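Thanks for coming, everyone. I would like to take you through two regions of one model, so please have a look at it before I go on.

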Amino acid sequence: MIMEWTARVLEVLALGFVLVIGSVAAIVVIFFIIDRTQTHDAIRRNYPVIGRFRELFSKLGEFFRQYFFAMDREEMPFNRAQREWVKRAGEGMGNTVAFGSTRNLGIPGTPIFVPAAFPPLDEQAARTEPMLIGPGARHPFMAPSFFNISGMSYGAISRPAVQALSKGAKAAGIWMNTGEGGLSPFHLEGGADIVFQIGTAKYGVRDAEGRLSDDKLRAVAEYPQVRMFEIKLSQGAKPGKGGILPAEKVSAEIAGIRGIAEGQPSISPNRHVEVDDWGDLLDLIGHIREVTGKPVGFKAVVGSAEQFRELFELIHHRGADCAPDFITIDGGEGGTGAAPMPLMDLVGLPIREALLVVSDMRDAMGLKDRIRLVASGKLVNPGDVAWAICAGADFVTSGRGFMFALGCIQALKCNKNTCPTGITTHDKRLQKGLVVEEKWHRVQHYAESIVKEVETIAHSVGVTEPRLMRRRHVRLVQANGSSVPMHELFPRSEPVHFKAG
């Protein structure tokens, strides 16, 4: 009986095995025929079935490199050491390390901060004071923190991501920028200070023809949380190209907030159609400031010193009252959810050069107390922020740093609706992974950690708070391995007499 039962089991297993082998063979034959007859992929046509593995391995390569093969400092756009610092900071964990730095200090351009022989005692150190923006506006803004959240629009990022950023920003005492997608209820619900960004499509403040609406500007300005307005001329990842929001991300809610059609791609113009030159821009800044009563600035990518020299000469001619209240300088290495590769890789000066150029011209014109400089573009760790302040920035903003705080794993899926962490997707199933009540604490901790550690760097170089740091406090590594003080490489220009009023 047992022998008979065993024989039947073996017979069934053998039949199953034959069926499996037969099915696999049939599938292989079908793929072979498909690959051999198709014409768009030469590898699959010449190497049927086997050629399919090339595409699979290419897709998996970025994940294997991230987790198994790349060293801590090798990856792009952000390496493991940078991401891990943000992760630990967001979790409120200590960020001390052991046994020595893993950073290669011989790479040209690496900043090395100059320690003071006799730094201030701990009890002599001071927290960074709030800074006034827009002294001539009816409602100037006293900004509490030098580190803030850069523009990320609702649509490019998800509802829970916006909610977590809003709550975390309020707790940390920092501002959050709406990005060009308009003001959503989720930006407001956390109670944070808001910078409303006006993109080239005027989302949220446009009329039926897409022109700027004064009535909608006033309506937005009535929210006490909306502290400033930022006109976006361009951003680092795609200068000369408007915003891109794929159709699958344009829900009824997002379409209503932006004032566009549901289910259609949201493509912004490549520039503001009514701004043909710097004079038009200054006119627009003055108009928005008059309508809203709040500080107004602009965001741009630097292409050359000559371009901005024209701006500052015009301000000098017209008088300081016409000046923007702040300028956000976005480096060519800035990020976005979707951009053409040639623009992302090749257009626009990096922040390490651009900030120095604009800072020099602003200060030479005697506008340091009139125009605040905001630095943006891949500044996610304390050393990056401290360098920017030494170079002349009054504030630093970060987008991707706060995405890492929310749990971003650098999956590089921002331009699709498949973000595995729920940050840049509107798929409800994937959004469940982003628990607002957990993540907003990480936003707060990350911002507070940046401020604390930049203050630590400031104390180390001998000043009591970060905005007292100067170019002489940092050295830059040269190609021969030596370092040179930044103020010698980039000396300040002599100030000119500025026209008043």
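Let me start with a term: two strands are said to pair if DSSP finds at least two bridges between them, and the strands themselves (E, at least two residues), like the helices (H or I, at least four residues), are DSSP runs numbered from the N terminus. Please keep in mind that this is a predicted model, in which local features need pLDDT of at least 70 and side-chain atom pairs count only at pLDDT 80 or more, while totals for chains, interfaces and linings use all residues. Residues are numbered from 1 along each chain as its sequence is written, and side-chain values use heavy atoms, with hydrogens and water left out.

With that said, strand β11 (residues 326–330) and β12 run parallel and are joined by five bridges, and β12 is also joined, by three bridges and again in parallel, to strand β13 (residues 395–398). Ala-375 of β12 is the bridge partner of Ile-329, and Ala-375 also stands opposite Val-396 in β13.

How much of β12 is covered? Five of the five residues of this strand, which spans residues 372–376, are buried, where buried means under 20% relative accessible area, exposed over 50%, and partly exposed in between, using a 1.4 Å probe and protein chains only. Arg-372, Val-374 and Ser-376 lie on one side, with Leu-373 and Ala-375 on the other, and both faces are covered.

My other region is helix α1 (residues 2–37), where Phe-31 is found. Phe-31 is partly exposed, because its relative accessible area is 33%.
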